[in-house]
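Reader: Could we go through this structure together? I would like to begin with the ligand.

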Amino acid sequence: MKLIIVKDQNEGGQKGYEVFKDAKDANAKVFGLATGSTPLTTYAAITASDLDFTDATSVNLDEYVGLGEKDSQSYRYFMNENLFSKKPFKTSYLPNGLEDDAEKETKRYDKIIEENPIDLQILGIGKNGHIGFNEPGTAGDSLTHKVHLTESTIKSNARFFENEADVPNYAYSMGIGSIMKSKKILLEAFGESKAEAIKGMIEGPVTEDVPASFLQNHGDVTVIVDEAAASLL
Ligand code: GLP
């Protein structure tokens, strides 16, 4: 893993943008995207740049089950607000949170990933080491699946909702196996609350207990962290 330690999230966003620019210069056509507060400075730097994605495809990691694009807490809404409305892609895929038939939706999404092999995948990390919504205990070869969110993830993500009770209990997520197929991976983490997960990811054993640790088995991972997230390394 290539580790880049930055001063703060703003500098991290700039560095993250450079990884996107390099990939684009190398002719990347499919970008795997993530939600959460972590990639926001990277998306802001991309938005402020003259990079053009109108010939590119994006494939997002995950979506809450039960939320549609008009719900302001859905990941589709988040992506529209923070990136797509300013930097449109030719096609942007996310799991459909309004599809009740999990079997049908996960198969549909796996087909999309198969047909659009990801050149660069950006990831955040959960405090418990999850990537996408792949919670501890998820197999390293997992494909798209319906996830029952852990108490810890529901609590962490409650800050985006009015009440904790409003956080959906389920999500559709790309699997760890799908993420591992991306040609290049960029993982960002900022703040002390991510320090333990970053330590486990980089220095711990490869284990289902820390889903991000599977990235040790990938040949091209860049990790951008601030000093606080790197503080236990
Ligand atoms: C959610 C998302 C993850 C994200 C994580 C961390 O659970 N599914 O993709 O990495 O939150 O969020 P944040 O970046 O806000 O810390």
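This is a predicted model: local features need pLDDT of at least 70, side-chain atom pairs count only at pLDDT 80 or more; totals for chains, interfaces and linings use all residues.

Reader: How many residues surround the ligand, and which are the closest?

Author: The ligand is surrounded by 14 residues, where near means having a heavy atom within 4 Å. Ser-37, Thr-38, Asp-62, His-130 and Lys-194 are the closest.

Reader: What classes are they?

Author: The shell holds 4 nonpolar, 7 polar and 3 charged residues. Asp, Glu, Lys and Arg count as charged; Ala, Val, Leu, Ile, Met, Phe, Trp, Tyr, Cys and Pro as nonpolar; the others, Gly among them, as polar.

Reader: How far is Lys-194 from the ligand?

Author: A polar side-chain atom of Lys-194 is 2.6 Å from a ligand oxygen atom. A polar backbone atom of Gly-132 lies 3.2 Å from a nitrogen atom of the ligand. Polar contacts are pairs of N or O atoms within 3.5 Å.

Reader: A change of topic: where is Thr-138?

Author: Thr-138 is in the loop between strand 6 (120–123) and strand 7 (145–148); strands are DSSP runs (E, at least two residues), numbered from the N terminus.

Reader: Is Thr-138 buried or exposed?

Author: Thr-138 counts as buried because its relative accessibility is 11%; buried means under 20% relative accessible area, exposed over 50%, and partly exposed in between (1.4 Å probe, protein chains only).

Terms used. Residues are numbered from 1 along each chain as its sequence is written. Side-chain values use heavy atoms; hydrogens and water are left out. A polar contact is a pair of N or O atoms within 3.5 Å; within protein, one must be able to donate a hydrogen and the other to accept it, and residues adjacent in sequence count only if both atoms are side-chain atoms. Helices (H or I, at least four residues) and strands (E, at least two) are DSSP runs, numbered from the N terminus.
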